[in-house]
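Work through the exercises below with the sequence and the structure open. Each task is followed by a solution in steps.

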Amino acid sequence: MANYDVVVIGAGPGGYVAAIRAAQLGFKTLCIEKGVNKFGKPAFGGTCLNVGCIPSKALLDTSYKFHEAAHGFDVHGISASKVSIDVPAMIKRKDDVVQQLTGGVGALLKANGVTVAEGAGKLLADKKVQVTRADGSVEVHEAKNVIIAAGSVPVNIPPAPVDQETIVDSTGALEFTSTPKRLGVIGAGVIGLELGSVWARLGAEVVVLEALDTFLPAVDRQIAKEAEKILRKQGLDIRLGARVTGSEVKKGKVTVAYTDAKGEQSETFDKLIVAVGRKPLSADLVAEDSGVKLNERGFIEVDEYCETAVPGVYAVGDLVRGPMLAHKASEEGVMAAERIAGQKASVNYDVIPGVIYTHPEIAWVGQNEEQLKEAGVEYKTGVFPFAASGRALAAGEPAGMVKLIADARTDRILGGHVIGPAAAELVQQVAIAMEFGSSAEDLGLMVFSHPTMSEAVKEAALAVHGHAIHIANKRPRK
Ligand code: FAD
Ligand code: AMP
């Protein structure tokens, strides 16, 4: 038994960041991680670094380069013959990136003086934390404060049981050794679209089965419609209103049964990715007498500062309400550590950007038109298409737009929505503006380098008031 100021359960982006910040603040800190990655090392970095954000982006980047080389160079007068993809080499590069980053997190924990325990952590009564190691041995530590950051795992659905061979989840979809000829994806959410895009770019015929009738319901309608049009044009066969009801694996292929408006349908694929969402990993994490409460969906209940019903016990990241995003988890981890130190830290939940790393990227921050309409807020919009951007045309990236939404009364920016080149980076500019309480006029007054993709943000801000220069404004104003 040892005593710690702060014990962190989980070393994902919520946990490792919390542990580092706690150590920076002078606390004697323990970070417990139970996961072992495919290299036999502790899964520092959690889902994000091992089987999530980073490996998926590594494959998206490789597959995009391949696709450009195979199909996108002609227009520039470049001929590249015999372009081919070595899938195992692509996977190895992805693994190298993962190893470098997970090793880096381990080194950072050490450099900050965080003690690491390998094993499964469980919160007991009176802020005691039990660690069960892989060999079954158990130790219990006393903690003044606890930050629980155990994250999430993929949801499984009975009609498509994952075997990680033919039917895979997001983790299995990062490990294919060759490009499947026909690939089915269940779920047209962020993960389904990203992983579907990877394998479509490498030549797979991809069919996406989505139970809902609406494409990307959480995204601004104008942006989602543009995204649907562009992704379909790229060859993703997106079938909306298609609910998967069963599957059968035979001779290495899977036949999927689904129902749509026309009735019972079926399709046969070489591989099937199940990407129907994630659920909190809260089973056997907190003892009943610990005082920490879970809701009916398994999320740990916390207040706006991530504190549970037990003072000094916090929970952050995918385990608690809000979007399942790495940056949201990290910010909550920092907030928890700082509040333990008595600081008045908070997270601005109104300004958490989200990104879908398709090509072009789809990114947003703040509120969209549908949310504002529902809330009865009067707003103005400004839209600037990349087809009117000199930089976008020079780069051969004319698809998409920047859309800015501002309060009709105060002109304060309420949301930014981008589909197009570098959307993830552009939306961050809107996020910065929102964080500083900027008006659309403020943003429109700023000087942007020419030629940049960023100029589309300025022009969208100007368009809110009908002042955009490089498009014909809908409502020209003085
Ligand atoms: P996790 O990252 O899940 O980490 C939790 C850690 O706790 C794990 O290492 C786990 O082994 C450990 N653990 C669990 N239980 C215990 C226990 N009892 N004791 C000790 N350790 C325990 N988000 C983005 O923001 N951008 C993206 O581009 C993005 N892409 C993604 C792509 C994919 C394919 C997936 C699957 C996810 C993606 N995400 C992305 C989501 C992102 O990975 C998660 O939101 C983020 O990792 C959550 O961080 P966390 O710290 O809450 O949990
Ligand atoms: P996300 O939660 O963003 O990861 O998206 C998961 C998607 O999977 C959601 O849009 C769900 O509607 C969809 N989904 C869940 N179950 C099924 C099913 N049985 N068949 C088809 N789509 C599904």
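A polar contact is a pair of N or O atoms within 3.5 Å. The model used here is predicted.

**Exercise 1. Find the polar contacts that ligand 1 makes with the backbone of Gly121, Ser152 and Ala326**.

Solution. 
- Step 1. Start at Gly121: a polar backbone atom of this residue is 2.7 Å from a nitrogen atom of ligand 1.
- Step 2. Go to Ala326, where a backbone N or O atom and an oxygen atom of ligand 1 lie 2.8 Å apart.
- Step 3. At Ser152, the distance from a polar backbone atom to an oxygen atom of ligand 1 is 3.5 Å.
- Step 4. Consider the cover: ligand 1 taken alone exposes 990 Å², and the protein buries 94% of that.

**Exercise 2. Describe the shell of residues around ligand 1**.

Solution. 
- Step 1. The shell holds 39 residues, and Gly14, Glu33, Thr47, Lys57 and Gly121 are the closest.
- Step 2. Sort the shell by residue type: 19 are nonpolar, 15 polar and 5 charged.
- Step 3. Assign elements. At least two shell residues come from each of β2 (29–33), α2 (46–51), α3 (53–72), β4 (120–123) and α7 (326–340).
- Step 4. Pick out the main contributor: α2 gives the most, with 4 residues.

**Exercise 3. Locate the largest nonpolar core and examine Leu183 within it**.

Solution. 
- Step 1. This core has 38 residues; Leu183, Leu193, Trp199, Phe215, Leu216, Ile273 and Ile362 have the most contacts inside it.
- Step 2. Elements that each supply at least two residues of the core include α3, α4 (87–111), β9 (182–186) and α5 (190–201).
- Step 3. Helix α6 gives the most to the core, with 5 residues.
- Step 4. List the contacts of Leu183, leaving aside neighbours within four places in sequence: Phe176, Trp199, Ala204, Glu205, Val206, Val207, Phe269, Lys271, Leu272 and Ile273.

Technical notes. Residues are numbered from 1 along each chain as its sequence is written. Chains are lettered from A and ligands numbered from 1 in the order in which they are written. This is a predicted model: local features need pLDDT of at least 70, side-chain atom pairs count only at pLDDT 80 or more; totals for chains, interfaces and linings use all residues. Side-chain values use heavy atoms; hydrogens and water are left out. A residue is near a molecule or strand if one of its heavy atoms lies within 4 Å of it. A polar contact is a pair of N or O atoms within 3.5 Å; within protein, one must be able to donate a hydrogen and the other to accept it, and residues adjacent in sequence count only if both atoms are side-chain atoms. Accessible areas come from the Shrake-Rupley method with a 1.4 Å probe; for residues, only the protein chains shown count as cover. Ala, Val, Leu, Ile, Met, Phe, Trp, Tyr, Cys and Pro count as nonpolar, Asp, Glu, Lys and Arg as charged, and the others, Gly among them, as polar. A nonpolar core is a set of buried Ala, Val, Leu, Ile, Met, Phe, Trp, Tyr and Cys residues joined through side-chain atoms within 4.5 Å. Buried means under 20% relative accessible area, exposed over 50%, partly exposed in between (1.4 Å probe, protein chains only). Contact means heavy atoms within 4.5 Å.
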